[in-house]
Amino acid sequence: MRCPKCGADNDQVVDSRANHEGNTIRRRRKCLTCGFRYTTYERFERHLPRVLKRDGRTEAFDRDKLARGLSIACQKRPIPGGAIDRLIEDVVDDVEALNATEVPSAKIGSLVMERLRALDPVAYVRFASVYSAFDELSQFIDLIRAITPAPPSKRRSRRA
């Protein structure tokens, strides 16, 4: 591991901790050359399928790209700490379980949206508006109507 400050590759691990799910290890390191302390994360390498884009191109599955999109959608929302990371892990697990060499981006988007809808409806609408590339206001309105619970019907009682 190279020090981000001086570039030396002589460091010492000061502290190691696994995250709650046990799939990532956080390591605090100290550069033995300059004394700078920094954090690294270690996770097992997965063999994820390529993502088939709408225009026919394929690209490697990018966990960080998914995290950036979710971060933007969830900005300033009251979402519990770690919930986005768990959502990403669940989506990655589902994509990996498909055992495919290529997965359409639409499939990945639907996996994200079904989880995000349960997590936070506003973040869901934000993500869906970008993912679905809405062109018209009516598309937003339709989406919001689909997730908004119907108000309870008021029954009139008949009195004689």
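1. Strand 1 (11–18), strand 2 (24–31), strand 3 (37–43), helix 1 and helix 2 (83–97) each give at least two residues to the lining of the second largest pocket, where helices (H or I, at least four residues) and strands (E, at least two) are DSSP runs numbered from the N terminus. Helix 2 supplies the largest share of that lining, four residues.

2. The model is predicted, and local features need pLDDT of at least 70, side-chain atom pairs count only at pLDDT 80 or more, and totals for chains, interfaces and linings use all residues. Residues are numbered from 1 along each chain as its sequence is written, and side-chain values use heavy atoms, with hydrogens and water left out.

3. The second largest pocket has a volume of about 390 Å³, a volume being the space filled by probe spheres set on grid points that are joined across faces, edges and corners. A pocket is, on a 1 Å grid over the protein atoms alone, an open set of points where a 1.4 Å probe fits, with protein on both sides within 12 Å along at least five of seven lines, and lining residues have an atom within 4 Å of a point.

4. Among the 19 residues that line the second largest pocket, Asn19, Glu21, Asn23, Thr24 and Asp85 lie nearest its centre.

5. The largest pocket has a volume of about 610 Å³. Of its 22 lining residues, Lys53, Lys65, Leu66, Phe127 and Tyr131 are the closest to the centre. Helix 1 (63–73) is among the elements that give two or more residues to this lining, and the largest share, five residues, comes from helix 1.
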